Amino acid sequence: MNSIVNPVFRAMDLSLLHSASLLVPAVRREEWLREWRAEFWHVTDARIESSAFCWQAQREVAAFCLGSFADAQCMRRLAHDEQRKTVSMHSSATQCLLWLALLFVLCATLACLFPGVRAEYDTVLHPVRPNLIVIAATDLNDKQVPAVSYTEFQNWRSSYQRYFDGLGFYRTDTQTVALSATRSGKFTVALASTNMMALLGLPVRAANEAADTNRSLPQVVLSYEMWTRSFGSDPHVSGRTIQVGEQIARIAGVLPCSSWKPPTNPDLWILVPGAQLATANQDTSGFVVAHLTKLGQDAMDTERISIMVRGEVEPWFCGIAINGNAAGPWRIYLFALFLAALALPAVTSLSMSESSFSSHRPSWKQNMARWLFLGAKLALVACIAYFASLDIAYWRIGGYSEIAELTQLAANFLLCLFGFRWALMDQRQRCPVCLRRVTHPARVGLASQTFLGWNGTEMICVGGHTLLHVPSLPTSWFGAQRWLYLDTSWEFLFADLTL
Amino acid sequence: MAAETKLSHTAAMILQAIHAGYVYGFSIMEVTGLPSGTVYPAMRRLERDELIRSQWERQSIADAEQRPPRKYYKLAAAGKTALESSRKRYPLLERLFPAEETQQV
């Protein structure tokens, strides 16, 4: 008898648990049922004796199982409360700021990852030394061509110069460079005097003294473009040896990205002492980089300056000023921000002034929160515009580029302009009490049917604080939107009064 | 949840029971004398308010004892604070239950 009745009761109890589980939201049902089945096992184990049927014990177990309905209902209510919390976040000020902050973090992270953005900052941080000129000749196409032989350069350097206090020489040649045992290619190699980098004022980055195992080898400085293109921006490149033509050379470091492109734009620079420059292809012409003295700078504006060799003026050479100062992303951004602020009134007729149907006014705390929210939105939009414009400008460009700077300016301007416009329009549709966007737009009246009566769109705050009336045709008596503050008699219409 | 929140007598009893070492639903029912329809919903609310935390027992322990794994509850930091303030409100609460050895989870 017991072997039949006890399983029947057990099946009934389990069916009660399964029935109750249907009340539990589906996502939590499995775990809920697992807990109740485990508890049921322990209750049965403690109450029911398999050898005898006890009505009282079965009643207790059934009462325990019936309690699962109360628990299931509780689970359902809790899930509903959570859902309402999510709904209350919808279109709230917090949600808006969180989305903007998320976008800002995304844009900033992307900007940090793009090599072009890093190169742009590099350009600004390491500008070419001011008051430098390149002495060369110009061809018919206004291209700078090498015009100075090393012998002439030596003569200039050994003579007193009124207008220059530093002179450096380089000449270029296309040579086969073996980057490794398996990789080689033709590169533009500049053979330069050892003072060239100091004269240009460019720090040789990634110079690793510890890795310099063989100091007797000639030093090679890579251009930024070659470092990124041929060495994959490897930070541990210094100290490696490469074969340039017939000679083995040691990589001493990498030049920072620069907005100035030297004539013939060498891929790598071999810094050699004067004696070596004098012996190798002595008659090959090169370029001279010269730093102007104060007298030279003044003279540049008023007269032609000349190079003196033992008291005699040298024949004419062309001196082209090196302009290595990039505007930089920040200065471009500030300019675009200024332009956007000027253009903003042209693209939006919205003003922050507004009227109200009633005499009710929001408290000073609500007003303060409203202005702070607008300030936070504008600040976040401005930050997003800065990083997003960098992302747009440099997502396919690996180094400094004037086109990228122009793209950045345009993107900055447009993002700031339309971002600020959105922030103002969004603000106009937020309830002054809870800063939630008003919803449920309803058309009221038709212009063709109401001659002097009001027609437009009416929207309501989901918290039940306000109604917003926006006229469809601004008139002299109803030109701007108006808020209607609702009193407590409206509260019964709104489900969630905690908003 | 604020530490100063006033708990109902039922919730305070459940917190005290968990504190005394009765760490799963059925043992709390047994020691408090409350029905399952009261204990489990109360524990859900306490968990929602982060006064207690739940954790499933390891399957290996349950398998060794040839029974299904239990869901154990323990007091969170906020729960301990709430229990302290409830003891001031219900002075006899502390004497209600004898301490039980804490289960190994």
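Modeller: Helices (H or I, at least four residues) and strands (E, at least two) are DSSP runs, numbered from the N terminus. Axes are lines fitted to C-alpha atoms, for helices over the stretch in contact, and angles run from 0 to 180 degrees between N-to-C directions. The model is predicted, so that local features need pLDDT of at least 70 and side-chain atom pairs count only at pLDDT 80 or more, while totals for chains, interfaces and linings use all residues. Residues are numbered from 1 along each chain as its sequence is written, and chains are lettered from A and ligands numbered from 1 in the order in which they are written.

Chain B contains five helices and two strands, arranged from the N terminus as α-α-α-β-α-β-α. Two packed helices are described by the angle between their axes and the distance between the axes. For helix α1 (residues 9-19) of chain B and helix α5 (residues 77-89) of chain B, the angle is about 115 degrees and the axes are 10 Å apart. The crossing of α1(B) with α5(B) is left-handed, a term used if the near helix is turned anticlockwise from the far one by less than a right angle.

Two residues are in contact if their C-beta atoms, placed from the backbone, lie within 7 Å. On that basis, α1(B) contributes B:Ala12, B:Leu15, B:Gln16 and B:His19, which meet B:Gly79, B:Ala82, B:Leu83 and B:Ser86 of α5(B). Four of the residues in this contact are nonpolar, four are polar and none is charged. Here Ala, Val, Leu, Ile, Met, Phe, Trp, Tyr, Cys and Pro count as nonpolar, Asp, Glu, Lys and Arg as charged, and the others, Gly among them, as polar.

A further point of reference is B:Arg45, in helix α3 (residues 36-48) of chain B. B:Arg45 lies 34 residues from B:Ala11 in sequence, yet their C-alpha atoms are 9.0 Å apart. A residue is buried if 20 or more other C-beta atoms lie within 10 Å of its own, exposed if 12 or fewer, and partly exposed in between. B:Arg45 counts as partly exposed because it has 18 C-beta neighbours inside 10 Å. In chain B as a whole, 33% of the 105 residues count as buried. Of the contacts in chain B with a separation of 6 or more, 65% join residues 24 or more positions apart.
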